[in-house]
There are 2 protein chains.
Amino acid sequence: MGKLATEMLKGTLEGIVLAILSTRPAYGYEITAWLRDRGFADIAEGTIYALLIRVERHGLVDVEKVPSEKGPPRKVYRLNADGREYLDEFWRTWGFLTDRLEQLREGGR
Amino acid sequence: MGKLATEMLKGTLEGIVLAILSTRPAYGYEITAWLRDRGFADIAEGTIYALLIRVERHGLVDVEKVPSEKGPPRKVYRLNADGREYLDEFWRTWGFLTDRLEQLREGGR
DNA sequence: CCAACTATTCAGTGTTGCCAAGTACCGGTA
DNA sequence: TACCGGTACTTGGCAACACTGAATAGTTGG
C-alpha cells in the first residue's frame with residue numbers, strides 16, 4: 001500500500017499482532033503469512049520478528065519453543081495478563097482516534 | 001494519552017492536519033489550539049510546525065504570510081490540488097486499516 | 001518596562017517499520 | 001550425494017515521524 005501505510009502502521013501493527021495473539025498463540029512465520037492473506041501484502045518479514053521480540057521484552061507475551069516438522073523450531077507466542085491489559089488500552093486509544101477521524105471525515109464533505 | 005497514542009499518531013497526524021486544511025486555510029498556532037480543543041491534549045506545538053513545514057516541502061500546501069494583529073506574522077497554509085489527492089489517498093489507506101482492525105476487534109470477543 | 005499571550009523555529013532524542021542479507025533445518029529430486 | 005525450495009528466525013543499518021526543550025520575536029496591558 002505504499003509509504004503512507006508504512007507510517008500509519010507505526011503503533012497499530014503492534015496492536016494488530018497482539019489482537020491476533022489474543023485469539024490464539026502463534027509464531028512469527030504464521031503471523032506474517034496470516035497478515036499477507038488479509039491484505040497486508042507488503043509487511044516485511046523482519047518487521048514481525050522484531051516486533052515479537054519487542055513485545056516479549058516488554059513482558060506482554062510468554063514464549064515457548066516448539067519443534068517443527070518442516071524446519072527450525074518455532075517460537076510460539078502467547079498473550080499474557082499484562083498483554084491483555086495493554087491490548088485493552090490499545091483499543092481505547094484506537095477508538096479515540098477513529099472517533100476523531102470519523103468526525104473530520106464527515107466534516108470534510 | 002501517553003506513548004501508545006504517540007506511536008499511533010505517526011502517519012495519521014499528517015492526515016488529520018490535511019483534513020483540517022481541506023475545510024479552510026489555517027496557520028500553525030490555530031491548528032494546535034484546535035487540536036487541543038478536540039481532545040488531542042498533549043500534541044506538542046513543535047510537532048505541528050514541523051509537520052506543516054514537511055507538507056509544504058512535499059508540495060501539498062501553499063503558504064501565505066499574513067500579518068497578525070496580536071503577534072508575529074502568521075504562515076497561513078492552504079491545501080492545493082496535490083494535497084487533496086494525497087488526502088484522498090490517506091482516507092483510502094485509513095479505510096483499509098480501520099476495516100482490518102474492526103474485523104480483528106470483533107474476532108477478539 | 002516587564003509579563004503574558006501570540007506565533008514560529010530548531011537541534012537532539014527515541015520509537016518504529018523497512019530493507020537486505022544471513023543462518024539453519026527439512027524434504028524431495030536429479 | 002548434491003542441490004533446491006520452503007520453513008523459520010536473526011541482525012545491522014536506514015529513514016520517517018512525533019516529542020522535548022529552548023530560543024526568537026512581535027504585541028498588548030499593567
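A:Glu64 stands opposite A:Val76 in β3(A). This is a predicted model, in which local features need pLDDT of at least 70, side-chain atom pairs count only at pLDDT 80 or more, and totals for chains, interfaces and linings use all residues. Residues are numbered from 1 along each chain as its sequence is written, chains are lettered from A in the order in which they are written, and side-chain values use heavy atoms, without hydrogens and water.

**Sheet of chain A**

- Strand β3 (residues 74-79) of chain A runs antiparallel to β2(A), joined by six bridges. Helices (H or I, at least four residues) and strands (E, at least two) are DSSP runs, numbered from the N terminus.
- The open sheet has three strands in the order β1-β3-β2 (chain A), paired antiparallel. Pairing takes at least two DSSP bridges.
- β1 (26-27) and β2 (61-66) of chain A are at the edges with a single partner strand each, so one side of each lacks a neighbour in the sheet.
- α2(A) packs on the sheet and touches β1, β2 and β3 of chain A. Its direction makes about 85° with that of β3(A). Angles run from 0 to 180 degrees between N-to-C directions, with axes fitted to C-alpha atoms, for helices over the stretch in contact.

**Interface of chains A and B**

- Contact (heavy atoms within 4.5 Å) links 33 residues of chain A with 32 residues of chain B.
- α1 (3-9), α2 (12-23) and α5 (81-107) of chain A each give two or more residues to the side that touches chain B.
- α5(A) gives the largest share of that side, 15 residues.
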